Amino acid sequence: MSSQAIDLRNIRKRFGPDEVLKGIDLSIRPGEFLSLVGMSGCGKSTLLRIIAGLESPDQGAVAIGGGEVTTVDPSDRNLAMVFQSYALYPHMSVRENIATPLRMRRLPMSARLPVVGGLFGTSKIRNAITEDVERAAGMLQIGHLLDRKPSQLSGGQRQRVALARAIVRSPAAFLMDEPLSNLDAKLRAHMREELVALHRRLGATFVYVTHDQIEALTMSDRIALMSEGRIEQLGTPDELYRQPATLTVARFIGSPSINLLPVDVDSAGEISAYGQALGLRSTGDSGPATLGLRSEDLFIATEGLSLHQGIAVKVLRSETHGADRYMTCQLLADPTVRVTVRQTATAKPGVATDGTVHLGFHAERAHLFGANDLRRPLTARERVLA
Amino acid sequence: MTALRKLTPHAVLALGAIVMLFPFYWMVLTSIRSPAEVFDISFWPIPKSFDAVKNYSQAAEQVPMARFMLNGVIVCLGILVMQVLTAVPAAYALAKLRFPGRRLLLSLVIAALCVPIQALALPLFVGLAKADLLNTYFAMMAPFLLSVFAIFLFHQSFRSYPNEIIEAARLDGFSELEICWRLVLRGSLPSLAAFTVFSLVAHWNDLYWPMIVVSDTNLAPPPLGMLFFADVETGANYGALMAGATLITAPMLVCFLLVRRHFIAGITMTGVK
């Protein structure tokens, strides 16, 4: 029961004058790890809360496992949610925290009362709960922490307790709202792997909200990139990286961020930057456009290629990050435009700061965006170097 | 210089404490002095003739002190229980639920804080008289069963309870009432302690309202009982009077000392003073 599809149809939500969600359609497949990613304020958390039932949409429908749940209470949707702040019950021990969703579900109201609750003959149910709690705790390796209070745990341990509390009830899907944001960098990387392993092991539907594109790229089966209340692009991490559908997606995905050059498309479809033809063509309208080039798709044009007409830049800074070297350069034609070039640290030639070089690029991996920010078709002439 | 800077605040606070505590000291001192010494200017703590036994036994024998205390307990606990039962859900709704009119209701609560009981005394009295409820415990409790001060205090404290825990609880299947009583109030025990002290002290010491609605000695809470006592039985026996006053002050002192830690936490947490 732990992997259900979630279907969202035309979800709209308004808070006061701001329309936070402007008609979201999204089908989440059973057992899939789907990330909702975007800048803060893009509506991703609101969308997750609408799935959870913590907010109700102004318009549209939510269905879980085929059944519509738009007006169903959160507790009856059988979803588990993991929060950024962990949201553990502070006065309960770890054991009680993990047991709570089961107790609320399986024990009748009378047996949940403090003190007198134990008088009702429910020991069988209680034993089953104890077993389930210990199984969940074992899966997350927190068996030895069961009798502690949340305040006695580290951030990483609290996160594990929150996860145990989520998996203990075998929900229809897991909803996670930036669960790793409060952890330090090293622990975050580690928990990322664990979450992926957990997803694989449970085979459950995960909906994961994050503002961190690296998390989204490394963990997800599919990513829905949101911006200003809309889904900009839905696809696999590879598709978002290699085929960004809009300029927003291109800007958001990738680190360092994509290099953008202002270009012109003339009436023949020829693309030029600062009056210099780049050897690229596009179909459609002429006018200004933006060329997107990933840092690893740029390279220094060596003398041997006799590329006197590459993009001339001045090198401002060169940083070595272990295996990679990042060079920050400034266009000679327009000093306000900066580009970053990624090389392997051992690549030749190492260029001195303030030196002038010509950059080439892999044209088949260039991206062209029109004035409306949408992706435009791009073809390279035989010569791929500018 | 630094020593002076360190000591000055303490000196000022100590002076304040002396001003506050002195009347209590005087009360206790008078309660153990003989009538001849009551008007002495000296505040030396050891009286020339130690009359504590005489004064306290007189206070305990001549008036039904136990009866007064019991009345006080019934009235104070009745008020406190009803105040908490009504104020906690109201404060939770105002602090954590979104519904139309919430801001207006909150402003009304704050506005109601400014209305003194004296302003309402006449209509309340007439109402209770018409309903033939004068000289009952209910008459003494009725005006205080709903406390806007409690709503305000709990609202301030509940507001800081993390929303995510409440949301987690909703997903886990807690009802709103369970969230309110088992989680949110649980996280605000210091405020509950602070309010308990405020409420108990206010109503244990209240003379004004019981004097209006109760004339039966059997129903009198301690301060009203003491008033009857002072008028009728003792005349000018200040030693016995102060012994009685000491006896009725003591329970409040014990109550405060028991929850002192929570009380202080509750006040500093909610910004009420």
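**View 1. Helices α3 and α9 of chain B where they cross.** In this predicted model, the axes of helix α3 (residues 65-96) of chain B and helix α9 (residues 176-184) of chain B come within 10 Å and cross at roughly 105°. Because angles of 65 to 115 degrees count as roughly perpendicular, α3(B) is described as roughly perpendicular to α9(B). On the α3(B) side the meeting residues are B:Val88, B:Pro89 and B:Tyr92, and they face B:Cys180, B:Trp181 and B:Val184 in α9(B). By class, this contact has six nonpolar residues, with no polar and no charged ones.

**View 2. The side of chain A that touches chain B.** Here 17 residues of chain A are in contact with 13 residues of chain B. Two elements of chain A, β6 (79-82) and α2 (94-106), each give two or more residues to this side, and the largest share, four residues, comes from α2(A). Sorted by class, the chain A residues on this side divide into 12 nonpolar, four polar and one charged.

**View 3. The largest nonpolar core.** This core has 163 residues, of which A:Ala164, A:Leu175, A:Val207 and B:Ala91 touch the most other members. Its largest share, 13 residues, comes from α3(B), the helix that also crosses α9(B). Leaving aside residues up to four places away in sequence, A:Ala164 touches A:Ile98, A:Ala136, A:Ala137, A:Leu140 and A:Ile142.

**View 4. An open, antiparallel sheet in chain A.** Seven strands of chain A form an open sheet in the order β21-β20-β14-β11-β12-β13-β22, with antiparallel pairing. At the edges are β21 (375-376) and β22 (379-380) of chain A, each of which pairs on one side only. Within the sheet, β14 (residues 287-293) of chain A and β20 (residues 367-369) of chain A pair in the antiparallel sense over three bridges, and A:Thr290 stands opposite A:Phe369 in β20(A).

View 5. A:Tyr274, in the loop between β12 (270-273) and β13 (276-281) of chain A, has a positive phi of about 50° although it is not a glycine. With 15 other C-beta atoms within 10 Å, A:Tyr274 is partly exposed. In chain B, the loop between α5 (117-130) and α6 (137-141) holds B:Asn135, whose phi is near 60°, a positive value in a residue other than glycine. B:Asn135 counts as partly exposed, with 15 C-beta neighbours inside 10 Å.

Technical notes:
Residues are numbered from 1 along each chain as its sequence is written. Chains are lettered from A and ligands numbered from 1 in the order in which they are written. This is a predicted model: local features need pLDDT of at least 70, side-chain atom pairs count only at pLDDT 80 or more; totals for chains, interfaces and linings use all residues. Two residues are in contact if their C-beta atoms, placed from the backbone, lie within 7 Å. Ala, Val, Leu, Ile, Met, Phe, Trp, Tyr, Cys and Pro count as nonpolar, Asp, Glu, Lys and Arg as charged, and the others, Gly among them, as polar. Axes are lines fitted to C-alpha atoms, for helices over the stretch in contact, and angles run from 0 to 180 degrees between N-to-C directions. Angles under 35 degrees count as roughly parallel, over 145 as roughly antiparallel, 65 to 115 as roughly perpendicular and the rest as oblique. Two strands pair if DSSP finds at least two bridges between them. A nonpolar core is a set of buried Ala, Val, Leu, Ile, Met, Phe, Trp, Tyr and Cys residues joined through C-beta atoms within 7 Å. A residue is buried if 20 or more other C-beta atoms lie within 10 Å of its own, exposed if 12 or fewer, and partly exposed in between; C-beta atoms are placed from the backbone.
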